[in-house]
Amino acid sequence: MVKKFTIAAITMTFLIVSIGVSMAGEKGNARKGKYLFRKTCRTCHLEGGSAKELSPVSKTQAEWQKVFDNIDQLNCKDEWAKLSEKDNLDIYEHLYGHAFDSPSPAKCK
Amino acid sequence: MSATKTKMMSRRKFLQLSGVLAATTAVTNPCRVLYALTKDAGEKSAAEIREIFSACDMCFNKCGLIAQVENNVVKKLDPNPKSLKSRGMLCARGNAGVKQLYDPDRLKYPLLRKGARGDGKWQRLSWDDALNHAAEQLDRIGKEYTRCGFLFMAGTDMQSTFVHQFAEAYGSYNVISHESNCLLSRNRAFLDTFGVMPTPDVLNCKYVIMPGANRFEALVTPDSMDLMTAKGNKSKLIVLDPRFTKTAALADEWYPIKPGTDMAFFLAVAHVIIKEELYDKAFIKDKTFGFEELREHVKQYTPQWAAKETDIPSKDILRIARELAAAAPAAMIYPGRRSSDYEDSTQIRRSYAIVNALLGNWDQKGGLQVPKKVKPGSLHIEAPFYEDNPDDRVDAGRAQMMFDEEGSFKHTRDAVIEGKPYPIKGWMTYKTNPMQTGANRNKTIEMINTLDFMMTVDIAMSDTAWMADLVLPAPSYLERQDPLSAFLASSTCSGVITRDPVVPAMFESKPVFWIVKELAKRLDLGEFFNFTMDDFRKAQLKKIPEVAKALKEDGVYNITGPSFGIHKGKPFKTRSKRIEFYNTRYKDKGIDPMPVYKQPKTIPENHFRIVVGRNAYVTQSASTNNSLLWELEKENTLWIHPTPANALGIKNAETVSVSSSAGKVTIKARVTKETRPDTVYMDTGFGVLSKNLTNIFGKGACIAEILEDKADKISGNMAMHETFVMVAKT
Amino acid sequence: MTQRKKYVIIVDAAKCIDCKACMVACKVENNVPEGFWRNWINVLGGENGSLRTEFQPSQCMQCDDPSCVAACPVQATYKQDDGLVVIDPEKCIGCGNCVTACPYKARYRNPVKKIADKCDFCEDRLKQGKEPACVVTCPTKTRIFGDLNDPDSRVAQMVKKEKLVRIAAPHINTRPNIYYFEGTRLLDWAVTPMLPGNINMPKEFWKSESSVKEG
């Protein structure tokens, strides 16, 4: 039991670290990220949906950074696990890049 | 209908017809039958006047109006007294709207170019053929050059959102607006200081410094009217402008500031306010970031130093700074609108924003405000993703902090001409006229000549339409049904306006909403446009149902209530969550975190700087050919001061040549003391190539022909005041 | 018990920004042909090197002793009970006498209708309960319109409260009904009119003040 937990913890840490590393190196495609966000996340994160309504301007850049640094703590972490690293990066680029206090806050109509 | 039958229209039949017009929408436009205007005895027919609401489109202000319609003919456009934003007025252009509707030069049916671009030879074609042709081009170019190989440019219009939606469904990132020829550097600066672009409460302000802006000619509602009202309430107006405009004429003080030195003036004002501690200490401590850095930074910018830069006496700079601070918080540096002037225009506006912040006028009566906004809903489309698309816009990376959604016309044009980072081969324009508004007309022509296909949707044969391959006729605003549009306007708060047809669309004109729908169908993108205008409006009204009633009864919806004191305790949308004197994001990107003054380039000998501006009757390029407005100004003239004019042997009304590295024009001179000796000026919208603008063809000069196309480094906004011209007798 | 109206306009020229909204509004409302205007803006300055410093709107003054009415050979133009000086299109023979008889150059001969024409304070709009087009459309509300004989009207109160002047022509006083706030500097632009030799004007008509104050 403890062993399983430890492995899981290590895997999680590795996942987080690798995401962190790849975010530091590569840059995501924000436009792909917009498409992915709408396709995967917005199905729930919509007004009247099963989760809180979200768009890039829902959070500051610092807040989005925190979200992406702690994906394993999200309610929808299983959905996140289904996405590839690139997808993850792209979505990050879209949300972080158009956050509340970003240079180009999203004008979601 | 025969002549005899039209005379006596029975009231029942009339109401039937008007019932049809006022049909199905949730936001029905009332056709009020006012009364019967009976003529003298002997005249048998009785004409009934219907009053129909709409919103003016002769500029971007969207003033509410009431059209007087007699027998389905618009006779007059009156102001809507309930339109708070316009203070119930309609300016010369608003009144002249009848001649945009009934313009003999209007486009009537789709046209396809015959012969070379710019030859002006056209063949008429059916809408079906026109749309099929356009769809073929969109498809072909999308396949050969990816969807990003097609550029879209939509102007400031209530239907532009559909062009953007089409571009999104089609899959092109290359969408630009007119705004990068106008105000993006201003928006950049205020966003990077306050986290938002606030609106100025001119009405309640007691001390207004207006650099440029020229509000009594370049009308912005309600600011222009409120400025006069405020004057009546003992408000003081200081105008800084190289030209003696009508605003300068009516100001308390006018300084013919040396062009390009606004920043020096405002840094010196900041210097005085900080040195003499004329600021609200609690406000600075609680709400701002970087004050100590600012204090240190402006130490060097004394009034004596600024006087040498600006040609404004240091004692006046000192006095004005003190008067300004004494009137705070009901004091402001008017942010202005068009900021397309210098290569550091963002930083120049940062200096305006910084002084405003020092005055503590944020969220105050008479200061910079962000009133409560109406948020209409929308119909979201889930656009597909085209895997073969490039990663980014074609103009990306050329400006330091470009607005992603607005882009940069100058950088896009350069990219298209270069073919880098990837080719653009198609262009669609809607309700925008870059041939007149984009500096350096020859470059626009060069850009167009690299394209495979260009299509333009417009009301008249503007110069941009003249250069296109396919020209599609749009209805004027008086013939259109538009979505709801929310606006923001300082002390009048915000509101919603919309349009319903005042008269049916004339000739074969079709609204761009219909055009993109038809194109979408032909490109298998119909699913993204399977809604009507009514559906769209319903979605917009979902969150704001109270708006429908006001629109129906008053023609406009206004939020009332205080426009200030509503942001207490809220964080700012900036990194520091405060008002930023010092911008750390700028620092990270290698941009000066506080504005650093750079001297404007010295004007070479025998040259002048040319500046851009407006007057209150011919403004946008669409207004110059309007018969009513044209009567007021039949051609533009070059303003030149008597001293250099005499030296050049130029007399008033003589034709002169004006040349720069971009081009050369001829124009009549207006010798006047109303401009600095080193500065010349001409109105926009003349010197057209289009022979179908019959009032003005062959008259005046096109300023875009001679303006060089520099750009603001930070935002990519066009910089139009960096051009030096030579003027000579012809 | 209908009291006679006396329609007047009060102009605060300091508010005028010369945007020409009133000129275009009037032109559309009244089908004024190209090249002619029923109203206009006088400009102080802008010539001989002086800077433009005041914009002063004007139009027909609906005078109380109108020289144009006296100059008409067929009584086609006359002053109504409401103070408006109007033209009967059926009677006017287009001779042009009235045009030259006006010290304010407010009249013109309409080349399309071939009769005289001028501002009538938008009489058609007044019948609909609306104010003249120029008054309503103005961004800065430079003109104030009303019935001077109505003591509750804004104009009646302003005439009591404010220092107002009128533009008088050299040597004559047609008793104009457009009032200007005292600060206006353009006071001498009216001209000596050409009156036909056979008309009779009242004795008071012949005066030589250059401006008349209303106390």
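**Helices 5 and 20, chain B.** I looked up how helix 5 (residues 127–145) of chain B packs on helix 20 (residues 512–522) of chain B in this predicted model: the angle is about 60° and the axes are 9 Å apart. Axes are lines fitted to C-alpha atoms, for helices over the stretch in contact, and angles run from 0 to 180 degrees between N-to-C directions. Helices (H or I, at least four residues) and strands (E, at least two) are DSSP runs, numbered from the N terminus.

The two helices are therefore oblique to each other (under 35 degrees is roughly parallel, over 145 roughly antiparallel, 65 to 115 roughly perpendicular, the rest oblique). I noted the residues in contact (heavy atoms within 4.5 Å): helix 5 of chain B contributes, among them, Trp127(B), Leu131(B) and Leu138(B), and helix 20 of chain B contributes residues including Trp514(B), Glu518(B) and Arg522(B).

**Sheet, chain B.** I found an open sheet of 3 strands in the order 19-20-21, with antiparallel pairing (strands pair if DSSP finds at least two bridges between them). Its edges are strand 19 (485–488) and strand 21 (557–558), each pairing on one side only. Strand 20 (residues 494–497) is joined to strand 21 by 2 bridges. In one of these strands, strand 21, Asn558(B) is the bridge partner of Gly495(B).

**Chains.** I checked the 2 pairs of chains in contact; chains B and C share the most contacts. Chains A and C do not touch, and their nearest C-alpha atoms are 33 Å apart.

**Conventions.** Residues are numbered from 1 along each chain as its sequence is written, and chains are lettered from A in the order in which they are written. Local features need pLDDT of at least 70, side-chain atom pairs count only at pLDDT 80 or more, totals for chains, interfaces and linings use all residues, and side-chain values use heavy atoms, without hydrogens and water.
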